[in-house]
Amino acid sequence: MIGALRGAAVSKLQFAPGSRWEEALIVEKNLPPAELRAWLGCFKDSHIGAEAFFEIKGTQAFIGARLAFSPAVADEAARVAEKFISSTGLAVHDFIKSAEKISDALLFLGEPGFMELGLVNMWQSFGPLPFWKKEGGSPFARLNAALLRDGRFASELPAPPAVEIAWDSPLPHWMGVCLSRGAGGKYFLDMAAAEKFLTKDTAF
């Protein structure tokens, strides 16, 4: 599935200390490059998370990776962000190539390590719902079973819900798809979209 997404245009980038997306710096087209470089210059965490958002078939999706922070990683993050802000723009494959360059290995290969349901930019504060691991089984059936045990996703939500498919090596990296219905700042889990994604769209 990742191969089909590589040409999609990135609509937003974000960087976070570790996995704390609640503290993310959101990079949109109007962000002054100096602001990102200043943020990177003050970075204190041991790891940096990076995510690229895009649309596929009218649905918002994202890919991301968590990297050990270093001056080289800061320079690469700035380069990617400046390409995104420029008139050239950034495609998903540019983001993936950048992460692969840093890790010196290919990403998104083989079976993922786990799947979770969570809320965009509230993954830690709201808390994820793990529902699938490598031992297999139907991802959608396992999601249904997990939701029966955890009722937090049954009503209106404070942010868009998303399923995240994650790989553990060569570094933590993931792909997420937003599964939200509703409008006017109201978010609800769309189980029909979840079923379609987890039974028809996902292939490894």
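**View 1. The right-handed crossing of helices H2 and H3 in the predicted model**. Helix H2 and helix H3 cross in a right-handed sense, and this close-up, like the others below, is taken from a predicted model. The axes of H2, which covers residues 33-41, and of H3, which covers residues 71-85, come within 10 Å and cross at roughly 160°. Because angles over 145 degrees count as roughly antiparallel, H2 is described as roughly antiparallel to H3.

**View 2. The residues through which H2 and H3 meet**. On the side of H2, the contact is made by Pro33, Leu36, Arg37 and Leu40, while H3 contributes Ala74, Asp75, Ala77, Ala78, Ala81 and Glu82. Sorted by class, this contact of H2 with H3 has seven nonpolar and three charged residues, and no polar ones.

**View 3. The aromatic pair of Phe43 and Phe69**. A search of the whole structure finds six aromatic pairs, and one of them, formed by Phe43 and Phe69, is tilted, with 4.4 Å centre to centre and 35° between the planes. Phe43 lies in the loop between H2 and strand S3 (47-56), whereas Phe69 lies in the loop between strand S4 (59-68) and H3, so the pair ties together parts that are 26 residues apart in sequence. Phe43 counts as buried, at 11% relative accessibility, whereas Phe69 is partly exposed, with a relative accessible area of 23%. Together with Trp39, Phe43 and Phe69 form one aromatic cluster.

**View 4. The aromatic pair of Phe126 and Phe153**. The ring centres of Phe126 and Phe153 are 5.3 Å apart and their planes stand at 75°, so the pair is edge-to-face. Phe126 lies in helix H5 (residues 123-126) and Phe153 in the loop between helix H6 (139-149) and strand S7 (161-167), so parts that are 27 residues apart in sequence are tied together by the pair. Phe153 is buried, with a relative accessible area of 4%.

View 5. When residues up to four places away in sequence are not counted, Phe140 touches Met191, Ala194, Glu195, Leu198 and Thr199. Arg152 is 12 residues apart from Phe140 along the chain, and the C-alpha atoms of Phe140 and Arg152 are separated by 18 Å.

Note on methods
Residues numbered from 1 in each chain as written. Predicted model: local features only at pLDDT ≥ 70, side-chain atom pairs only at ≥ 80, totals over all residues. Heavy atoms only, no water. Axes fitted to C-alpha atoms, helices over the stretch in contact; angles between N-to-C directions. Helix = DSSP H or I, 4+ residues; strand = E, 2+ residues; numbered from the N terminus. Parallel < 35°, antiparallel > 145°, perpendicular 65-115°, else oblique. Left-handed = near helix turned anticlockwise from the far one by under 90°. Contact = heavy atoms within 4.5 Å. Nonpolar A, V, L, I, M, F, W, Y, C, P; charged D, E, K, R; others polar. Phe/Tyr/Trp six-rings, centres within 6.5 Å; stacked < 30°, edge-to-face > 60°. Buried < 20%, exposed > 50% of the residue type's maximum accessible area, 1.4 Å probe, protein only.
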